[in-house]
Amino acid sequence: QEAFRLFRKALTIDKECSDAWYGMGLVYFKQKKYRFSISVLKKAIDLQPDNSDFWFMLGEAFAGMRRYNMAIEAYTKAYELNPLDFEAWMASAQVLFRRKRIDEAIHTLKQIYQYYHDNSTVNYRLAAYYIYHQNPGTALYYFEKGLKLNFGEHKEIFRYFPKTRICRDF
């Protein structure tokens, strides 16, 4: 509550302070008050439309409300503004995957792959998505690459297959 009070105080001094609006959006988000979060995040974006962090957080708030198409739009805007925004790319792919839009999820991960090809999480997610896509050869390629990059994170793929026998063996 102290943070919220300070953000409100900042806005009494300067209603154009986009960071204060953003901060209020974060507080509302953490309280799971997604409608309020969206409202104040939009104010932050109106003041600073080129801030990819604001767009990413708006996507998170929309996802919290299960407004997935709006979340994807906000995440997309975030990574268009900042092509290296790892969290925006991954969140967008995750929402697409959960909505059973597997081809689009793979396409999104392939886009981030050009920047983060040496990231084991990207490789493991691609492996999981390709398994769902009924493409085990390609899945194996990304799974093997993920293992080589960071064996310790190999359980990432099992988030998608928690009931498989192989998961219990690890």
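Keep in mind that the model is predicted.

**Stop one: helix 6.** Select residues 86–98. At 1.5 Å a residue, these 13 residues should span 18 Å, and the end C-alpha atoms sit 18 Å apart, so the length agrees.

Now colour helix 6 by burial. Of its 13 residues, 10 are buried, so the helix is largely enclosed by the rest of the structure. To see the buried ones, pick Ala 88, Trp 89, Met 90, Ala 91, Ser 92, Ala 93, Gln 94, Val 95, Leu 96 and Phe 97.

What covers them? Bring up helix 4 (52–64), helix 5 (68–81), helix 7 (102–116) and helix 8 (120–132), which are among the elements lying over those buried residues.

Before moving on, click on Lys 100, which follows helix 6: its phi is positive, near 65°.

**Stop two: helix 4 against helix 5.** Hide the rest and keep these two. Their axes come within 8 Å and cross at roughly 165°. With angles over 145 degrees counting as roughly antiparallel, that makes helix 4 roughly antiparallel to helix 5. The crossing is left-handed.

**Stop three: the contact itself.** Show side chains on both helices. From helix 4, select Ser 52, Trp 55, Phe 56, Leu 58, Gly 59, Glu 60, Phe 62 and Ala 63. Facing them from helix 5 you'll find Tyr 68, Met 70, Ala 71, Ala 74, Tyr 75, Lys 77, Ala 78 and Leu 81. Colour this contact by class and you get 12 nonpolar, 2 polar and 2 charged residues.

How values were computed:
Residues numbered from 1 in each chain as written. Predicted model: local features only at pLDDT ≥ 70, side-chain atom pairs only at ≥ 80, totals over all residues. Heavy atoms only, no water. Helix = DSSP H or I, 4+ residues; strand = E, 2+ residues; numbered from the N terminus. Expected span 1.5 Å × (residues − 1). Buried < 20%, exposed > 50% of the residue type's maximum accessible area, 1.4 Å probe, protein only. Contact = heavy atoms within 4.5 Å. Axes fitted to C-alpha atoms, helices over the stretch in contact; angles between N-to-C directions. Parallel < 35°, antiparallel > 145°, perpendicular 65-115°, else oblique. Left-handed = near helix turned anticlockwise from the far one by under 90°. Nonpolar A, V, L, I, M, F, W, Y, C, P; charged D, E, K, R; others polar.
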